[in-house]
Amino acid sequence: MKRFQLLILSLFLIASASAKKLNVIVVTGGHNFDRESFFEMFDSFQDISYTELKHPEANLQLGTIDLKTFDAVVFYDMPKTISEAEKESYYKLLKSGKGLVFLHHSQCSYQAWDEYITIVGGKYHEEKNTPQTSTYQHDVTFAVKITDQKHPVTKGIKNFEILDEVYGNTEVLPGVTPLLTTDHPQSSKIIGWTHKKENSHIVYIQPGHDKNSWFNPNYQKLVKQAIAYVSEK
Ligand SMILES: [Zn+2]
């Protein structure tokens, strides 16, 4: 991003901040998606304004934007590799306590970066033919169970059904707090969680392949409340 573009972005974020909306950066790239429908969901969030950063520039841009101008970062990306310089952007976010929300295929990113699982809290293992190999299945209708209806991320949401892609045999770190589970045999049991890494609150939500989730009111509420929760200082 050029210096001028960065200035415009910063001004936009400051202007949005004054309207008392939460300002989020949405990081995309590395995996195809129906971007029109995806951002239709974000456009419907009245208390949230957003700026999209796309790979391959997104990671370095994340390290340059003034931390005071945004509240959280939502990752809907899946790049394969990350440079040492790009990792510094993550370290900066974690040190500053910026809230991070990871959606769907973002747990598949950076397969060779061992620390990434400790940031997301879980990992989809792409390596083939090992006991750890993860699986996916598209267009599955499954029941989502809320583990704690009082948690800020899930409050006001009852157990619900969703049509989405499921991931199976994913790794979930034992230290996370589960928020969403399912008993579907092709899915990992824990499909949503929260945890803390350094100073950042982090939420991961496994559903979110396409508009079947993005237009689901329960899913929309989950994403909104996850953003609000990780944004709290
Ligand atoms: Zn997917």
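Tutor: Let us begin with a term: a pocket is an open set of grid points with protein on both sides within 12 Å along at least five of seven lines. Please also keep in mind that this is a predicted model.

Student: What volume does the largest pocket have?

Tutor: A volume is the space filled by probe spheres set on the grid points. For the largest pocket, this gives about 230 Å³.

Student: Which residues lie nearest the centre of the largest pocket, and which elements give two or more residues to its lining?

Tutor: The lining of the largest pocket has 16 residues, and those nearest its centre are Met78, Cys108, Tyr124, Glu126 and Tyr136. By class, the lining comprises five nonpolar, eight polar and three charged residues. The elements that contribute two or more residues are strand 6 (135–146) and strand 7.

Student: Which residues coordinate the zinc ion, and what spacing do its donors follow?

Tutor: The zinc ion is coordinated at 1.9 to 2.2 Å by His104 through NE2, Glu165 through OE and His209 through ND1. Along the chain, the spacing of these donors is H-x60-E-x43-H.

Student: Where do histidine 104 and glutamate 165 lie, and are they buried or exposed?

Tutor: Histidine 104 is in the loop between strand 4 (99–103) and helix 5 (116–120), while glutamate 165 belongs to strand 7 (residues 160–168). The pair, 61 residues apart, thus links distant parts of the chain. As for accessibility, both histidine 104 and glutamate 165 are buried.

Student: Which parts of the chain does the aromatic pair of phenylalanine 75 and tyrosine 90 tie together?

Tutor: A search of the whole structure finds 23 aromatic pairs. Phenylalanine 75 and tyrosine 90 form a stacked one, with 5.5 Å centre to centre and 15° between the planes. Both phenylalanine 75 and tyrosine 90 are buried. Their positions are 15 residues apart in sequence, so the pair ties together strand 3 and helix 4 (residues 84–96).

Student: Are the rings of tyrosine 110 and tryptophan 113 stacked or edge-to-face?

Tutor: Planes over 60 degrees apart count as edge-to-face. The rings of tyrosine 110 and tryptophan 113 lie 5.8 Å apart centre to centre, with 70° between the planes, and the pair is edge-to-face.

Student: Which elements do the buried residues of helix 2 pack against?

Tutor: The buried residues of helix 2 (residues 35–43) are Ser37, Phe38, Phe39, Met41 and Phe42. An aromatic cluster includes Phe38, Phe39 and Phe42, together with Phe33, Phe45, Tyr50, Tyr76 and Trp214. The elements packed against the buried residues of helix 2 are strand 1 (22–29), strand 2 (48–54), strand 3 (72–77), strand 4, helix 6 (211–214) and helix 7 (217–231).

Methods. Residues numbered from 1 in each chain as written. Predicted model: local features only at pLDDT ≥ 70, side-chain atom pairs only at ≥ 80, totals over all residues. Heavy atoms only, no water. Donors = N, O, S within 2.8 Å, 3.2 Å for Na, K, Ca; no water. Helix = DSSP H or I, 4+ residues; strand = E, 2+ residues; numbered from the N terminus. Buried < 20%, exposed > 50% of the residue type's maximum accessible area, 1.4 Å probe, protein only. Contact = heavy atoms within 4.5 Å. 1 Å grid on protein atoms, 1.4 Å probe; cavity = no way out; pocket = protein on both sides within 12 Å on 5 of 7 lines; lining within 4 Å. Nonpolar A, V, L, I, M, F, W, Y, C, P; charged D, E, K, R; others polar. Phe/Tyr/Trp six-rings, centres within 6.5 Å; stacked < 30°, edge-to-face > 60°.
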